[in-house]
Amino acid sequence: MSHIEQCRNVWFATLKVPAALRPKLGRTKFKQTLGTTDKRRAHILAAPVVAHWQAILRQAAGEGDAVQLEALKWREAISTERLAGSADRMDMLASLMATKASYIEDHHGEDAALAFAAVAMGERTPSALHLDAWVASIAHLADKTKDQMKKDVGQLVGRFDTLEAMTAQDVRRWVDDLANKGAGPASIKRMVSFWRSYWRYLTSIDAVPMDRKPFEAVTIRNLPKVSKGGWSALAPADVVKLWQAAHASDDAVLGDLVLLGAFTGARIEELSSLELINVGEDSIRIVDSKTEAGIREVPIHSALRSVVARLKAGAIDAYLLPGLTFNKYGDRSNAIGKRFGRLKASMGFGPRHVFHSLRKTLVTMLEDAGVSENLAADIVGHEKPRITYGLYSGGASLATKAAALELVRYPLPTADDSGRAG
């Protein structure tokens with residue numbers, strides 16, 4: 001759409017104001033002389049002027065990033081004129097931009113005006129300018145990975161408004177601050193990896209100099225010392241309290257999940273996605289796991305038999321635990337995992353107590369019962385700690401695993417066939 005019109009041989013920039021914004025702006029149309037009789041030059045000179053008006057419209061409509069968007073329009077126009085080598089057109093643009101900067105200073109303050117001028121003149125580049133293109137470049141990755149990358153890089157561009165602000169020193173300080181606020185080494189390592197991915201893309205399109213590497217100096221050893229992470233095991237009595245609390249809140253499925261985790265050491269997704277075809281009379285088969293060692297057959301503890309039998313008899317779908325749904329990443333444990341999180345938090349358990357804590361509890365109880373490390377690994381699906389067993393052993397027999405697992409006893413009250421305390 002053309003935004004110029006001729007009046008008495010002189011060209012003017014024009015833009016209609018949408019009807020909904022006319023009462024707020026007190027006008028129906030923007031119009032300004034371009035001081036030229038040359039139509040081709042008028043088109044060039046009109047671009048930043050119209051961008052200014054469009055930004056005013058966006059601001060009136062409530063868009064927060066309108067000033068930056070307009071600065072990018074000016075940046076494009078100024079770049080074009082620089083390449084053309086037209087001194088008089090550059091003078092005209094400089095005059096128009098000075099007027100615009102004055103307007104921004106009056107309405108948004110001096111800092112906003114200086115930031116606008118820096119972006120418009122190409123001295124600063126908004127950190128999110130190439131974000132969409134980078135996202136398109138990682139389209140081949142798994143959805144869960146893409147979403148995490150977008151979240152981490154989104155945090156980066158939210159912290160640094162321009163690419164030039166991402167200096168090695170400031171990035172390192174920010175990472176230190178994240179660590180001091182509780183971000184663990186593993187999380188920071190992941191974030192820095194994704195930030196580097198974004199920076200590599202920017203380097204590949206010549207958006208940043210190749211010799212600038214603001215994330216190279218950030219390594220785990222540079223981080224402030226933090227206490228060792230990992231999940232804490234729950235006391236056996238606390239496992240029983242969680243089970244009872246789930247039933248008290250009328251969440252029988254969550255209660256069953258807690259018992260299954262306590263007596264199998266299986267991960268929450270392994271149990272949530274456990275299909276009935278993989279549940280036998282004496283064992284369950286984990287056929288989909290995070291690791292190769294996680295593919296295993298786990299005996300059904302005697303304390304679980306009535307629970308498993310009830311779940312099988314009342315099945316409403318193809319899974320042992322009924323009524324759970326898959327999220328967009330194909331995980332069936334997402335919603336019930338959040339329910340577990342709310343339950344344990346309501347009982348005063350902190351961030352180091354998670355569903356995975358049940359796994360640690362079982363391993364601890366097996367160790368206390370004198371079960372060997374390799375046999376415990378076969379039950380819960382850990383990598384074998386001894387190289388000989390890890391390389392050559394086919395794993396303990398189901399009977400051996402069952403005998404070891406029966407040594408585990410939680411302080412459960414008498415339970416009837418419903419799995420509830422009797």
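Mentor: Let's start with a word we'll need: a helix here is a DSSP run of H or I with at least four residues, and helices are numbered from the N terminus. D170 sits in one of these, helix α8, which covers residues 168-180. Keep in mind that we're looking at a predicted model.

Trainee: Got it. What does the chain hold overall, in helices and strands?

Mentor: There are 18 helices and 5 strands. The chain has 422 residues, and 39% of them are buried.

Trainee: Back to D170, then. What makes it buried, partly exposed or exposed?

Mentor: Set its value against the cut-offs: buried is under 20% relative accessible area, exposed is over 50%, and partly exposed is in between. D170 has 29%, so it counts as partly exposed. Leaving aside neighbours within four places in sequence, D170 is in contact with F160 and A165.

Trainee: How do you know which class V157 belongs to?

Mentor: Same test. V157 comes in at 14%, under the 20% limit, so it is buried. You'll find V157 in helix α7, residues 143-159. Beyond four places in sequence, V157 touches S127, A128, L131 and Y198.

Trainee: Where does Y410 come in?

Mentor: Y410 is part of the largest nonpolar core, which has 49 residues; L257, I284 and Y410 have the most contacts inside it. Helix α11, residues 252-264, gives this core its largest share, 8 residues. Apart from that core lies another, of 27 residues, including V157 and I138. As for Y410, its contacts beyond four places in sequence include P236, F263 and M365.

Trainee: What makes helices α16 and α18 roughly parallel or roughly perpendicular?

Mentor: Two packed helices are described by the angle between their axes and the distance between the axes. For α16 (residues 373-380) and α18 (residues 398-405), the axes come within 10 Å and cross at roughly 100°. Angles of 65 to 115 degrees count as roughly perpendicular, so that's the label for α16 and α18.

Trainee: Which residues meet there?

Mentor: From α16, L375, D378 and I379; from α18, T400, K401, A404 and L405. The residues of this contact divide into 4 nonpolar, 1 polar and 2 charged.

Trainee: How do you know which parts of the model to read with care, and what are their pLDDT values?

Mentor: pLDDT is the predictor's confidence in each residue, from 0 to 100. The chain averages 83, and 81% of the residues score at least 70. Among its elements, α11 has the highest mean pLDDT, 97, while α17 (residues 387-392) has the lowest, 44. Residues 387-393 stay under 50, and the model has 5 contacts for them beyond four places in sequence. Residues 222-228 stay under 50 as well, with 12 such contacts. Where pLDDT is low, the predicted coordinates should not be read in detail.

Notes:
Residues are numbered from 1 along each chain as its sequence is written. This is a predicted model: local features need pLDDT of at least 70, side-chain atom pairs count only at pLDDT 80 or more; totals for chains, interfaces and linings use all residues. Side-chain values use heavy atoms; hydrogens and water are left out. Axes are lines fitted to C-alpha atoms, for helices over the stretch in contact, and angles run from 0 to 180 degrees between N-to-C directions. Helices (H or I, at least four residues) and strands (E, at least two) are DSSP runs, numbered from the N terminus. Angles under 35 degrees count as roughly parallel, over 145 as roughly antiparallel, 65 to 115 as roughly perpendicular and the rest as oblique. Contact means heavy atoms within 4.5 Å. Ala, Val, Leu, Ile, Met, Phe, Trp, Tyr, Cys and Pro count as nonpolar, Asp, Glu, Lys and Arg as charged, and the others, Gly among them, as polar. A nonpolar core is a set of buried Ala, Val, Leu, Ile, Met, Phe, Trp, Tyr and Cys residues joined through side-chain atoms within 4.5 Å. Buried means under 20% relative accessible area, exposed over 50%, partly exposed in between (1.4 Å probe, protein chains only).
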